[in-house]
Amino acid sequence: MAVTGQQHELKEYWLEEDQDLVVLPSLTFDHDELAKISNPHRYEERLLHHVLHLTHPDTRIVYVSSMPVDLEIVAYWLSLVPSAPSLNDLSQRLMLFSVHDASPHCLAQKLLRRPVLLDRIKRVIRPDRARLQVYRRTMFEKQVAQELGLPFAGGTPEEMRWGTKSGSRQAFRDADVPHPPGTYSPCRSVDRLVCDILRIMRENRDATKGMLKLDESFSGMGNGIVDLADVKRLLVSGEEEDRIRDAILDALKSTKFESSDESWDHFAKGVEIIGAVFELFIPEAEGQTTPSAQGFISETGAITILSTHEQAMDGKHYDGCVYPAREAYKNTLARYTEKLASVLRKNGIIGHFGVDFLVNSSDGGKAYDTYALEINLRVTATVFPFITLHLLTNGAPTTKHYLTRDHFGDEKWKVFTPGDVTDILRSSPYTWCHRTQKGCFLYMIASVAETGHFGITCVGDNPEECRSLMCNVTSLLSREAEQWCKVGKVDSVPDDNFDVIVGAVVEANGQVAE
């Protein structure tokens, strides 16, 4: 379907003050990979920060989700909008649409399968001022844009490959950015994988450990660590090649995967379907950090390096970030990211991207060795707090620091609903304050009643103030949870299993018989 209407030239979405922003937070990945993630739909809620664009009176937001967004969560985000004329005005300029489908498939695909809903959305937007804001640019998002009559650059398979693990490594090589030794094209058979590992081990005789990565995966769920110490020993002793290959295969079968649901047999099938890369593992060292940098390539080709962050890891998984990255190497991160942006731009990439790094200190902390690990062609988790703060402060340059956690909470906090948590925070001195431009804001709140966890960003003048805010909110919610568990006698509520229910009926029948 061709683009309709005359599209006016719009500024970047975070700068434009007159636009219809159609937000499609689709986690467009292989559905088997998404199935490894607990409650993946909660990640759609991360893009609710676009509600803050309503601070501009000529902007309207169209937000699409898999399931309806809790109205108390919507009210919370509306309460954060700076310079808002009235709640009634905000409500009229915020349009929420849901496909009412919780299946483990990407939202963009679900929307395309509901042409009536697509047509309803098309009828409410201004085609000359509208743009599609997505989590990731793929063929699905591109088709949604075409159906809505909106321009949408990127999203072709040729462009998407630069966001794969193999594409990332090719970009590192082309940009001359340091990275771990390994493969540069996806292996699509276990035999090929064994051959490539043998070649790399011969070129790097001191290596004892490697990293396997499915070429297309999300949140580290397709990654695993391979112990190659026995392979190194056989290489050193000059054993026959067949025996070394067998040792590599045995090592692969013993891979320690980051997802507890992953197994070698399942991963091997993924190798054949998706492909995989191998790279040597950078040894863990004292003071090792895993920072990231975020960039944006406009449709005109302009490159913007948005931010650098330290990533907070829960084991091997992302759990939050600290802004900004350390002074000692943040300029290096930005420089490498700009070099990579030039390579990506040359290959037609448009929109958000992030680069994950690993940094080891050397020479007693006087020098730093920086390695690029992967490129993510999407709105990364570290973009969200940065853009949110930009919108909360009406675009004012920030000298603030912030600390985020994606899985902030406790098992006991399941006593709360989303509205409970937001009410408690807003009644405390720790909530976001427009006057001081400090405080806390929450995100991915919908899962609190199910998991006891949600996301939080704490903004302060320095790292210590951010940590203090997070500690204070932790104490506040823990006290409230303990109090309400006692008042409501939560622990005395019986399980709703068969034995309890039937047992109660049997007991009641016995009393009647007596």
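1. Basis of the note. The model is predicted, so local features need pLDDT of at least 70 and side-chain atom pairs count only at pLDDT 80 or more, whereas totals for chains, interfaces and linings use all residues. Residues are numbered from 1 along each chain as its sequence is written, and side-chain values use heavy atoms, with hydrogens and water left out.

2. Helix 15. This helix covers residues 418-426; helices (H or I, at least four residues) and strands (E, at least two) are DSSP runs numbered from the N terminus. Its buried residues (under 20% relative accessible area with a 1.4 Å probe, protein chains only; exposed is over 50%, partly exposed in between) are P418, G419, V421, T422, I424 and L425. The cover over these residues includes helix 2 (71-80), strand 15 (439-443), helix 16 (448-451), strand 16 (453-460) and helix 17 (463-487).

3. P418. Within helix 15, P418 counts as buried because its relative accessibility is 8%. Apart from neighbours within four places in sequence, P418 is in contact (heavy atoms within 4.5 Å) with D70, I73, I445, A446 and V448. The C-alpha atoms of P418 and A481 lie 13 Å apart, with a separation of 63 residues in sequence.

4. M444. This residue sits in the loop between strand 15 and helix 16. With 1% relative accessibility, M444 counts as buried.

5. D196 lies in helix 9 (residues 190-203) and counts as buried, at 8% relative accessibility. Leaving aside neighbours within four places in sequence, the contacts of D196 are T183 and C187.

6. Cis peptide bond. Y323 and P324 are joined by a cis peptide bond, with omega of about -5°. P324 is in the loop between strand 11 (317-323) and helix 13 (330-346). Most residues other than glycine have a negative phi, and most peptide bonds are trans.

7. Helices 10 and 11. Helix 10 (residues 229-237) and helix 11 (residues 241-253) pack at an angle of about 170°, their axes 9 Å apart. Axes are lines fitted to C-alpha atoms, for helices over the stretch in contact, and angles run from 0 to 180 degrees between N-to-C directions. The pair is therefore roughly antiparallel (over 145 degrees; under 35 is roughly parallel, 65 to 115 roughly perpendicular and the rest oblique). V231, L234 and L235 in helix 10 meet R243, I244, A247 and I248 in helix 11.

8. Second largest pocket. The space in this pocket is about 710 Å³. A pocket, on a 1 Å grid over the protein atoms alone, is an open set of points where a 1.4 Å probe fits, with protein on both sides within 12 Å along at least five of seven lines; lining residues have an atom within 4 Å of a point. Of the 39 lining residues, R137, F296, E299, I350 and G351 are the closest to the centre. By class, the lining has 14 nonpolar, 13 polar and 12 charged residues. Strand 4 supplies the largest share, 4 residues.

Conventions:
Points joined across faces, edges and corners; volume = space filled by probe spheres on them. Nonpolar A, V, L, I, M, F, W, Y, C, P; charged D, E, K, R; others polar.
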